[in-house]
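Thanks, everyone. I have one structure to go through today, so please have a look at it while I talk.

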Amino acid sequence: MPKNKKILITGAGGQLARAFVEKLEKEGVPCRAEQFRSLDITDPERLEEVLDEVRPGVVLNCAAYNRVDEAENSREQAFRVNSDAVRHMARLCNTRKIFLVHFSSDYVFDGTQGTVYKEEDRPNPVNVYGASKLAGEKSVPEEMKDYLVFRLSWVFGEGENNFLSKLEGWDQEKGMLKIASGETSSPSYTRDIAEMVMLALHKSLRGLYHLCNSGFCARYEWARYYFHLKNKDIKPVLSSPLILPARRPAFSAMSNEKLSAALNVRIPDWQDAVKRFVEGSMKTQIPSNPSMRSQKI
């Protein structure tokens, strides 16, 4: 952990940033979380201004353009947020000796390997979003040495922009809910992400790691387990793959073995994570704090 423990969080208000705010408040770590209207990371002058005002030892970049389908027709915007802004942020952090933690995606892979992906496996994104995230993660080591890049997958937590929350809002006819087949990956619980990232900082890790809960599942299996825990009489039913603007990798599950070994921990299984989410996470609210501002990712 850098001597200066003050942390700046971008993308506040989104589910990932909210988990970090909660974690840091509990640990008594000084932090400031910035929302989009107060810090647009694509505005280089404003980004520099905030860094010089806050003077953090660590930046957690939770801001991202994550509208996968819209990115197909908004390539320039996706790359501006997920790549260009990240490169500039890394450059500014490097000159100020600030440690940068950036988050990438399993969508950097094409899903054709057939086995879980490790950090050394070759990326080959099949959509614009994945390509923009790959460009962003590559820019960080090109600009600085003190950094961590974590690839995440199927992130869920307190918030609306995740699969489990969307399940609750989708129309349910006669107790049946159609779930498209064709996608398998590793769910990643925001509270576990925050826990592992802070542990990685304390242990002074550097480089690229896969961070997800252990194991993998299809979306259908994930939905079925979720409704079982909720005691809801809803039966997920497999349907044909949806025709969406952006292609998705069919099997993008990642191995977290490298990170687990470096931290000397076992990251909880995805089932355990979903169970904890159902039991308590949805009831948790982040206390208001005038020094912390919210922003959706």
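First, the ground rules. This is a predicted model, where local features need pLDDT of at least 70 and side-chain atom pairs count only at pLDDT 80 or more, while totals for chains, interfaces and linings use all residues. Residues are numbered from 1 along each chain as its sequence is written, and side-chain values use heavy atoms, with hydrogens and water left out. Helices (H or I, at least four residues) and strands (E, at least two) are DSSP runs, numbered from the N terminus.

Now the sheet. There is an open sheet of 6 strands in the order E2-E1-E3-E4-E5-E10, with parallel pairing. Two strands pair if DSSP finds at least two bridges between them. The edge strands are E2 and E10, the latter at 207–210, and each pairs on one side only. From one strand to the next, the twist averages 20°. As a reminder, strands of a sheet pair through backbone hydrogen bonds, either parallel or antiparallel.

Let me look at two of the pairings. Strand E1, residues 7–10, joins E2 in the parallel sense over 4 bridges, and Thr 10 stands opposite Glu 34 in E2. Strand E3, residues 58–61, and strand E4, residues 99–105, are also paired in the parallel sense, over 4 bridges. There, Asn 61 is opposite His 102 in E4.

How are the two faces of E2 placed, buried or exposed? Strand E2 runs over residues 31–34, and both of its faces are covered. Cys 31 and Ala 33 point to one side, Arg 32 and Glu 34 to the other, and all are buried. Buried means under 20% relative accessible area, exposed means over 50%, and partly exposed is in between, with a 1.4 Å probe and protein chains only. In a regular strand the side chains alternate between the two faces of the sheet.

On to the helix pairs. Axes are lines fitted to C-alpha atoms, for helices over the stretch in contact, and angles run from 0 to 180 degrees between N-to-C directions. Angles under 35 degrees count as roughly parallel, over 145 as roughly antiparallel, 65 to 115 as roughly perpendicular and the rest as oblique. A crossing is left-handed if the near helix is turned anticlockwise from the far one by less than a right angle, and right-handed if clockwise. Contact means heavy atoms within 4.5 Å.

The crossing is right-handed. On the H3 side the contact residues include Phe 79, Val 86 and Arg 87, and on the H4 side they include Tyr 129, Gly 136 and Val 140.

The second pair is H7, residues 219–229, and H9, residues 270–279, whose axes come within 10 Å and cross at roughly 40°. H7 and H9 are therefore oblique to each other, and their crossing is right-handed. The contact divides into 8 nonpolar, 1 polar and 2 charged residues. Among them are Trp 222 and Tyr 226 in H7, and Trp 270 and Phe 277 in H9.

Finally, single residues. Which residues does Asn 256 touch, leaving aside those up to four places away in sequence? They are His 210, Cys 212, Asn 213, Ser 214 and Ile 267. Asn 256 sits in the loop between strand E12 (235–239) and helix H8 (257–263), and it is buried, at a relative accessible area of 8%.

Arg 55 has a positive phi of about 50° although it is not a glycine. Its place is the loop between helix H2 (44–54) and E3, and Arg 55 is exposed, with a relative accessible area of 64%. Ser 204, also not a glycine, has a positive phi of about 60°. Ser 204 lies in the loop between helix H6 (190–202) and E10, and counts as partly exposed at 40% relative accessibility.

Terms used: Nonpolar A, V, L, I, M, F, W, Y, C, P; charged D, E, K, R; others polar.
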